[in-house]
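Here's a friendly walk through some side-chain pairings. Have a look at the structure first, then read on.

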Amino acid sequence: MKTFIPFILFIIMCPFQSVAQLQSIASRKLTINFDKTIHLIFPANIDYFDIGSGNILATIADNAPFVLKIKANIENFQEETNISTITTDGKFYSFSISYDTAVVNETVFVNQDSIPQKHFIPVCSNKSIHLIFPRDVVYSDVGNEQAITLERTEANNIIKFIANKDSIPQTNLSVITADKKFYSFILNFNKNPEIFNYVIGTRHPMALINNNEKTLNENSQKAIRQKRYLFHIGVNKNKMEFHCSGIYIKQDILYFCFSLRNTSNINFNPDFIKSYIRDNKQLKNTTIQETELIPLLKYGFPKIIRSNNRASFVLAYNKFTIPDKKKFEVEILDRDGGRHLKFRIENKNIIEAKKL
């Protein structure tokens, strides 16, 4: 008994430590499929993530460490799986993943109940679609790479895409710009879409301004019929005359009217025409900074200018002005490479564009 009493006293004086309670974390249900990419947008950068099975693929988006993109790795998988994520602010997120051919939400803003606005764009296999954003594109993804070819252009704020074949399944396109804005588009096949160029509005970042090609053509035709009022912008070289005859604006679209005259006995075959905003002066031992401006429409651009003939055409752009210490240049090159024509257009001429 003498040895038993101290043992009882030890138990009384040293109570057991309480066991910590388990706290469960509810999982948010998501559906994915083989034709679309799902994007999870977190309020902080992703520090860690784990996928429950090889039925799904997940990776952090390039240049956007706060975005996790998810795709099905196996078509029509049956069993439910999961994704677990930890962000740099120490928060843990759990998602249960199942396969469904009809995905409702391609973009999920974590910790937000609102559903992002989606825009539906028709695509076809014989015409490229251009999206023009107010800021540089830092990330872009198409849900089904076998159905859609997506390309970044030399202009950092423009992307283009085209269907690889007819009757593709519905897929999606996701874009992030340098100001961390996320854009979501649904791509549906249409054999003959009427609109090929979309300008993302700057006032309302998710609003699309449709540039109907029919309207652009009609306005370009009207602009080219106007009487020439610019006589000092252009270049004469190698018996070629290349000049800008007028600049017009309507509904935030600029229409530049150009004329090419061939006074030689050799046909001129334009290989390309390009326009840039470039540094006004290039400092020694530095690279020149330039941004190519992609026209929304090339109206009447000639394939050949025969000897002693001329041609007129219009380039239509989303409205712009030239920053200080920059210049706007237009250049055209003969397919044979021997005649390269280039000139600049001053900012004051653009600002004084006439109403169409």
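## Ground rules

Contact here means heavy atoms within 4.5 Å. This is a predicted model, so local features need pLDDT of at least 70, side-chain atom pairs count only at pLDDT 80 or more, and totals for chains, interfaces and linings use all residues. Residues are numbered from 1 along each chain as its sequence is written, and side-chain values use heavy atoms, with hydrogens and water left out.

## A look at Ile266

Leaving aside residues up to four places away in sequence, Ile266 touches Ser307 and Arg339. You'll find Ile266 in the loop between β20 (253-262) and β21 (270-279); strands are DSSP runs of E, at least two residues, numbered from the N terminus. Its relative accessibility is 56%, so Ile266 counts as exposed (buried is under 20% relative accessible area, exposed over 50%, partly exposed in between, using a 1.4 Å probe and protein chains only).

## Rings

How many aromatic pairs does the structure hold? There are 18. Rings of Phe, Tyr and Trp (its six-membered ring) pair if their centres lie within 6.5 Å; planes under 30 degrees apart are stacked, over 60 edge-to-face, and the rest tilted. Phe256 and Phe258 are stacked, because their planes sit at 15 degrees, with ring centres 6.4 Å apart. Both of these residues, Phe256 and Phe258, are buried.

Phe301 and Phe313 pair edge-to-face instead, at 5.1 Å centre to centre and 90 degrees between the planes. Phe301 is in the loop between β23 (297-299) and β24 (309-318) while Phe313 is in strand β24, so this pair ties together parts 12 residues apart in sequence. Phe301 is partly exposed at 24%, whereas Phe313 is buried at 0%. One aromatic cluster includes Phe301, Phe313 and Tyr317 among its members.

## Salt bridges

Side chains of opposite charge can pair when their charged atoms come close. A salt bridge is a side-chain nitrogen of Lys or Arg within 4 Å of a carboxyl oxygen of Asp or Glu, and the whole structure has 13 of them. Lys29 and Glu80 make one, at 3.8 Å from N to O. Lys29 lies in strand β1 (residues 28-32) and Glu80 in the loop between β5 (67-72) and β6 (81-87), so they tie together parts 51 residues apart in sequence. Both Lys29 and Glu80 are exposed.

Now back to Arg339, a neighbour that Ile266 touches. Is Arg339 buried or exposed? At 9% relative accessibility, Arg339 counts as buried. Its salt-bridge partner is Asp334, at 3.4 Å from N to O, and Asp334 is buried too, at 3%.

Terms used. Helices (H or I, at least four residues) and strands (E, at least two) are DSSP runs, numbered from the N terminus.
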